[in-house]
Amino acid sequence: MIGYGKQSIGSDDIDAVAEVLSSEFLTQGPKVGEFEETLAEYVGVKYAVASNSGTSALHLACLALGIGKGDRVWTSPLSFVASANCARMVGADVDFVDIDFSTRNMCMEKLALKLEMAKSKGNLPKAVVVVHFAGLSADMQKLKSLSIRYDFFVIEDACHALGASYQGSMVGSCEYSDCAIFSFHPVKSITSAEGGMLVTNNQSIAKKVRQFASHAIERKATPEEPWLYQQTDLGFNYRLSDIHAALGVNQLGKLKGFIKQRQRIASRYIEELNRDKVYFATSEQIEGHAFHLFVINFSSTEQRLDTYHKLVAQGIQPQVHYIPIHYQPYYRDLGFTPGDYPEVERYYQTTLSLPIFTELTEDVQSRVISIINA
Ligand SMILES: *Cc1c(COP(=O)(O)O)cnc(C)c1O
């Protein structure tokens, strides 16, 4: 079965991992720092802290920004559940801002209206988690100006967008945000098996993230107690191992090529898929797009299901990204209901994610295209 995404592992990756296995440190060694430094340099940001998943990095962001009970965090309903869950992990309330159907990113006009209303009711959010859906950057300039006007933190869930750029700078440079998060799950731009990274230009955020990722324990050696360590807060063990970091470092060296290949695959879909049959929002934009996903919309939900079955019959397993977060039973229990966010719901009715990954062959892509066009 061919899925929508898959890692690309070379013998160089295997060698890099094997080298760590026979070295002194399996964890808390030099590879983690090397991964952090190379990634920070790649995206053009001051600080990077590795963690064992994108989800733990999102949780760490909320902890480091001091978000907690009584606070509100807003995000897009079109994302992986972790974008919203991170706020719940620190006890904050979640609310959603509907998408713009044409970009699939959070709609900045709807955000502006919702903020104005929240201001009058005195329930402004403490942070907005913005998602660069499919690898296309959200409108960060607009978001930044709203964050100044209404005084909230901006957390970028950039799990789809490592290797993407926005107005000339890399996503992750944090020019318009307080911090950004990446994931290195095998379906993402590069992989470390499991793994994540938080990047920021704010030294104090970076320091807190590092503390919370390792039990909030610090060495405090004194002449009398040279062994002394102190736990100053309630932290977690969210550390990345050197084995994972070695894979990450090696993969990062190949990221530019991976993105080029994803862009090539996307360009072919855009050129060859029949626009009378399907709609894709990304038609105009290849440059700067990381193409974690290639999503299309059909003209009806029946056509979507029919095509889904036809693809599966040919050994191709498409996916749907995503079921709107507020449809999940956990969020329904919190009071959300279908109908709350009409644009994401309209999108969900007819969407399908096509295979896009570095090693996708021309043959398989041809098969996908001909099934859809038929
Ligand atoms: C993959 C992903 C995450 C979670 O990353 P993990 O490393 O799997 O924990 C969070 N948000 C988005 C948008 C993602 O795509």
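Phe101 is buried in this predicted model, with a relative accessible area of 12%; buried here means under 20% relative accessible area, exposed over 50% and partly exposed in between, using a 1.4 Å probe and protein chains only. Residues are numbered from 1 along each chain as its sequence is written, and side-chain values use heavy atoms, with hydrogens and water left out. Because the model is predicted, local features need pLDDT of at least 70 and side-chain atom pairs count only at pLDDT 80 or more, while totals for chains, interfaces and linings use all residues.

Now for the rings. Rings of Phe, Tyr and Trp (its six-membered ring) pair if their centres lie within 6.5 Å, and planes under 30 degrees apart count as stacked, over 60 as edge-to-face and the rest as tilted. That rule gives 17 aromatic pairs. One of them joins Phe101 to Tyr347, edge-to-face, at 6.4 Å centre to centre with 70° between the planes. Phe101 sits in the loop between β3 (93-96) and α5 (108-121), and Tyr347 in helix α12 (residues 342-350), 246 residues apart. Helices (H or I, at least four residues) and strands (E, at least two) are DSSP runs, numbered from the N terminus.

Tyr347 is buried too, at 0% relative accessibility. Its ring also pairs with Phe133: the centres are 6.2 Å apart and the planes at 85°, so this pair is edge-to-face. Phe133 lies in the loop between β4 (127-131) and α6 (140-150), so its pairing with Tyr347 in helix α12 ties together parts 214 residues apart in sequence. Phe133 is buried at 2%. Phe101, Phe133 and Tyr347 belong to one aromatic cluster that also includes Phe80, Tyr279 and Tyr322.
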